[in-house]
Amino acid sequence: MEELSRRDALRIGGALGALGALGAASSAQARPLWTWSAQGSVAGAGAGADPRWVWDPEADELVASLLDRGDVPRVNALLRSWTRNDQPLPGELPADLRDFVERARQLPPWVDHGKLARSFDFTRRRGLYLGVLYAMASGMMSTVIPKEARAVYYSYGGANMKDRIAKTAKLGYDIGTHNAYAPDGEMTVTCVKTRLVHAAVRHLLPQSPQWNQAAPEDIPISQADIMVTWHSLATTVMQKLTEWEVPIPVEDSDAYLHSWQVTAHMLGVSDEYIPASWNEADKQAEQVLHPILEPTPEGKDLADILLGLGAELDGSVLSRPLLGAFTRYVLGDQIADWLEIPREPVFDPMLQTFWRPFIAAREVGLHFPGSDETYWLFEEVLRKVVLVYLSEGQPINIEIPQVNRPS
Ligand code: HEM
């Protein structure tokens, strides 16, 4: 079982590892009211605006203007060399963009670098589970989050999922690095660029006839939508680890939460919508994530592409059945059936029987001298190889799109 998990599940898991970030929320009519109290947020209080109707006004106005005045190709080219958190911005950037980025790159006043360091340590020790869960729980879940699936499908990146995943995987990779938000790290830059991309999508998708026909909303990627996706990542991963009885000291789970809280802030979410504790995160997810999950034609298509990517990665005919079985195991029969994932006579019972004992055994193994470093090394190499492969050897640049899906 260990062989199976390492060679297949993790390799493919790493590939899809940051996919949870592929989108958010439900059909407008089906969405429950937002009643989660800001008292449970990192801000501790809030103005009370419903985040389903809050977007990112400053970034949205700026990027709409960049698109309208034809500045985006020049800006993308200039920002390509801006990669490190502490790096000065290229001198030739338009002044309004420069002012925005200088503000957007500031970490929140409540950032705790001790917790971020602990979060890295947690990721280092738990990389195998995180890789599997980001891919098989968060990534596949994103395909049954209707608004996310439609936004991803009809936006520019929807036509080239491999490239799209490589870019999203960059965020998943950067958040797990030891210096993510440190001066020499890259996560701040990744978040700010993503914020700009999301702003562009808000401007562009409403011009897509296909998106307009499919999506019952006027402007995509509200702050509530971002939190839905956040829960499909952070909250779902923590819930699964708990369900699998992986022992996690409270300092670790707090630290992991903190790295995602900082990430939400850096993606432009107001502090009043960011849960202050796992308990509050669970409550928010119960309200905004679980009730909205449902299949869409776009989501089914995306899921099919994602399950096929595994075989592209390792050339194995077993990849698709294995990924399908993992999806069924992690997300349950209803979601697997929605996605028309066939039942697997070998892998389904295997996972049911062996996955939990494998975890239990691995937990014992973790305490053997040197074993956790070995696991980390293995996972790290795989994650990097996968990123290189997905980007076809090219550096991964998150760039502002200028058009919607071309076909
Ligand atoms: C782009 C992460 C929420 C839809 C991106 C990118 C990243 C990312 C890293 C850049 C990759 C690229 O340019 O292809 C995240 C994270 C989220 C989040 C971490 C929440 C925690 C959402 C939501 C939606 C969404 C809620 C839609 C409802 C998109 C779309 C693109 C994008 C459509 C651009 C695709 C393209 O045109 O190529 N996101 N995202 N994201 N995201 Fe998000």
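These are my notebook entries on a predicted model of a protein chain.

**Conventions.** I number residues from 1 along each chain as its sequence is written.

**Whole chain.** I looked up the secondary structure and found 17 helices and zero strands. Helices (H or I, at least four residues) and strands (E, at least two) are DSSP runs, numbered from the N terminus. I then looked up burial: 49% of the 407 residues are buried. I call a residue buried if 20 or more other C-beta atoms lie within 10 Å of its own, exposed if 12 or fewer, and partly exposed in between, with C-beta atoms placed from the backbone. For contacts, I required C-beta atoms, placed from the backbone, within 7 Å. Of the contacts with a separation of 6 or more, 82% join residues 24 or more positions apart.

**Helix 10.** I checked the span of helix 10, residues 223–243. The expected span is 1.5 Å times one less than the number of residues. Helix 10 is mostly covered, with 17 of its 21 residues buried.

**Positive phi.** Just after helix 10, I found Glu-245 with a positive phi of about 55°. In the loop between helix 9 (209–214) and helix 10 lies Ile-221, where phi is near 55°, a positive value in a residue other than glycine. Ile-221 counts as buried because it has 27 C-beta neighbours inside 10 Å. I noted Glu-340 in the loop between helix 15 (333–338) and helix 16 (347–365); its phi is also positive, near 55°. Glu-340 has 11 C-beta neighbours inside 10 Å and therefore counts as exposed.

**Thr-263.** I located Thr-263 in helix 11 (residues 250–266). Thr-263 is buried because 25 other C-beta atoms lie within 10 Å. Leaving aside neighbours within four places in sequence, I found Thr-263 in contact with Ile-175 and Cys-191. I also took the C-alpha to C-alpha distance from Thr-263 to Pro-108, which is 9.9 Å across a sequence separation of 155 residues.

Definitions and conventions. Predicted model: local features only at pLDDT ≥ 70, side-chain atom pairs only at ≥ 80, totals over all residues. Contact = placed C-beta atoms within 7 Å.
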